[in-house]
Amino acid sequence: MKGLKFDFTNMFFPNIEKGIKQEELIEYEGKIAEIIDEILNEKPGFVKLPQDTKFLDKILDLQDWIQSFESFVVLGIGGSALGNIALQTTLNPLNYNYMKNRKTPKIFIIDNVDPDFVASILDQIDPHTTLFNVISKSGTTAEAMSNYLIARGIIESYGLDPKEHIIFTTDPENGILRKISKEEGIKTLEIPPEVGGRFSVLTPVGLLSALAGGIDIIDLLNGAKSMLDKVINKNLKENPAALNALLHFLYYKKGYNISVMMPYSNKLLLLADWYRQLWAESLGKKYNINGEIVNVGQTPVKALGATDQHSQVQLYNEGPDDKVVTFLKLEKFERDIKIPKVHEEYSALSYLGGKTLSELLNTELFGTEYALTEHGKPNMKVIFPEINSFNVGEFFFLYEFQTAIMAKLLEINAYDQPGVELGKKVTYALMGREGYEEFAKEVNEKVSKKEKFEL
Ligand SMILES: O=P(O)(O)OC[C@H]1O[C@](O)(CO)[C@@H](O)[C@@H]1O
């Protein structure tokens with residue numbers, strides 16, 4: 001079953017002062033239409049992706065090679081890994097997939113430099129039958145580069161040919177990975193320069209490991225294409241991205257500065273991790289209005305249904321009016337389990353007998369949305385009829401376009417991330433990178449002067 005569905009019913013509260021009323025939307029129809037035209041005129045790189053798939057043939061040409069390995073290891077971070085993780089956990093959860101009647105490699109994604117984490121994955125692979133996909137748009141990110149050096153060291157220690165066990169996904173021209181690939185003839189795929197990292201899941205960044213894992217990347221792009229047609233619709237009530245961006249914006253202006261994404265499905269859970277980078281890094285910005293510094297952004301929070309009904313939902317129901325909750329609902333699970341009719345003598349248990357877990361889970365979702373609504377807390381549903389590549393492709397493109405609209409409403413640039421640079425610079429300086437010596441002195445001096453408060 002193809003195509004996401006949406007339920008915005010519980011985003012409207014006609015009888016609550018802070019609630020949005022449906023009739024308010026009409027005022028924004030014109031503004032949203034203008035914004036959609038602006039985005040289509042500016043045509044940010046991600047908007048071109050569903051049609052502009054010239055890179056697709058290069059990926060498909062590699063299919064036999066990448067699927068010939070036992071293990072396929074992604075080395076990246078942020079936008080160069082979160083989409084990969086979301087794709088694998090959603091569409092290849094058993095991490096063991098058959099395509100054209102043959103086994104595909106086990107996919108691993110190393111997206112941090114925690115030595116225990118990295119070591120635990122390296123323990124599971126045999127370098128002789130492993131392909132490392134080093135992904136970095138800038139080609140310089142310390143975490144991806146460190147893990148690349150470790151992988152490279154392993155390959156060389158076994159006397160293996162790097163060209164046979166490494167493929168880079170990086171900028172077509174710039175960065176150290178591009179330089180090394182030219183010098184050594186290491187295969188590379190290109191990240192379109194005009195596509196930002198957190199918007200790059202539907203480029204070779206996300207698609208190569210998806211294909212390696214046996215995921216249908218053609219249908220993934222078809223889903224994105226389908227959603228493109230829906231999100232450029234000027235009729236607000238037929239455009240899920242525009243309606244969701246506008247509602248998040250209107251609530252944000254009323255102080256709802258937290259956006260909770262709560263999948264009621266373990267397979268859909270890590271879509272929320274991908275969403276967190278997209279929403280936080282695109283919208284969390286500081287800017288100057290007539291000399292006044294303004295900090296904007298809506299904090300994305302991940303929750304899991306039903307698990308977080310026993311963790312965060314107390315806060316959502318009775319805490320401050322500062323959250324908009326998005327449920328990801330799955331209608332048809334791949335499997336189901338019937339609860340047996342045992343202990344029928346106990347009414348506290350017997351009501352469960354004969355029911356299925358999916359019935360219980362989605363009843364719990366209804367219970368949570370009912371309670372939130374009773375507490376006057378805005379909530380909406382993105383509904384997956386089932387999990388397939390098409391629907392996941394729709395999801396990615398929906399939120400990418402929604403982010404672009406939300407940024408326009410906030411009047412900020414969605415595509416830069418100046419706020420991450422200082423932390424990186426301190427790391428380069430304290431790790432002794434050439435050219436950062438003076439800055440290292442400045443940092444150490446500033447820190448040494450601080451009054452210590454250590455327990
Ligand atoms: O793909 P790269 O250049 O290694 O960057 C990885 C991530 O680091 C950032 O540049 C900053 O955190 C993200 O925007 C990006 O997704």
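The following legends describe one overall view and several close-up views of a predicted model.

In this predicted model, local features require pLDDT of at least 70 and side-chain atom pairs count only at pLDDT 80 or more, whereas totals for chains, interfaces and linings use all residues. Residues are numbered from 1 along each chain as its sequence is written, and side-chain values use heavy atoms, with hydrogens and water left out.

**Figure 1. Overall view of the protein chain.** The secondary structure of the protein chain consists of 19 helices and 14 strands (DSSP runs numbered from the N terminus, with helices being H or I of at least four residues and strands E of at least two). The radius of gyration is 24 Å, close to the 23 Å given by the globule rule for 455 residues, so the chain is as compact as a globular protein of that length (the radius is taken over C-alpha atoms, and the rule is 2.2 Å times the number of residues to the power 0.38). Along the principal axes, the C-alpha atoms fill a box of roughly 70 × 65 × 55 Å. Of the 455 residues, 52% are buried (buried means under 20% relative accessible area, exposed over 50%, and partly exposed in between, with a 1.4 Å probe and protein chains only). Among contacts with a separation of 6 or more, 76% link residues 24 or more positions apart (contact means heavy atoms within 4.5 Å).

**Figure 2. Surface and charges of the protein chain.** The chain exposes about 21,200 Å², of which carbon and sulfur atoms supply 53% (areas come from the Shrake-Rupley method with a 1.4 Å probe; for residues, only the protein chains shown count as cover). The mean positions of the 50 positive and 63 negative charges are 1 Å apart. Lys and Arg count as positive and Asp and Glu as negative, while His and the chain ends are not counted; each charge is placed at NZ of Lys, CZ of Arg, CG of Asp or CD of Glu.

**Figure 3. Residues listed by UniProt under "active site".** The unreviewed UniProt entry lists E281, H310 and K424 under this heading. These residues are spread over 144 residues of sequence and are also spread in space, with up to 36.9 Å between C-alpha atoms. The UniProt positions follow the numbering used here, feature names are shortened, and annotations may be inferred rather than shown by experiment. H310 is found in the loop between β12 (299–302) and α14 (313–318) and counts as exposed, at 68% relative accessibility. K424 belongs to helix α18 (residues 421–430) and counts as partly exposed, at 33%.

Figure 4. Most residues other than glycine have a negative phi, and most peptide bonds are trans. A cis peptide bond joins G305 and A306, with omega about 15 degrees; A306 lies in the loop between β12 and α14. H343, a residue other than glycine, has a positive phi near 55 degrees. The loop between β13 (323–332) and α15 (347–350) holds H343, which is partly exposed at 44% relative accessibility. E411 likewise is not a glycine and has a positive phi of about 60 degrees. E411 lies in the loop between α17 (389–410) and α18 and is exposed, at 61% relative accessibility.

**Figure 5. Surroundings of N257.** N257 lies in the loop between α12 (240–253) and β9 (258–263). Its relative accessibility of 35% makes N257 partly exposed. Not counting residues up to four places away in sequence, N257 touches Y252, G297, Q298, T299 and D322.

**Figure 6. S226 in helix α11.** S226 is placed in helix α11 (residues 217–231) and is buried, at 17% relative accessibility. Residues up to four places away in sequence aside, S226 touches F390 and E394. S226 and L250 are 24 residues apart along the chain, and their C-alpha atoms are separated by 27 Å.

**Figure 7. E331 in strand β13.** Strand β13 contains E331, a partly exposed residue at 35% relative accessibility. Beyond its neighbours within four places in sequence, E331 is in contact with K5, N362, I383, F384 and P385. E331 and S71 are 260 residues apart in sequence and 33 Å apart in space, C-alpha to C-alpha.
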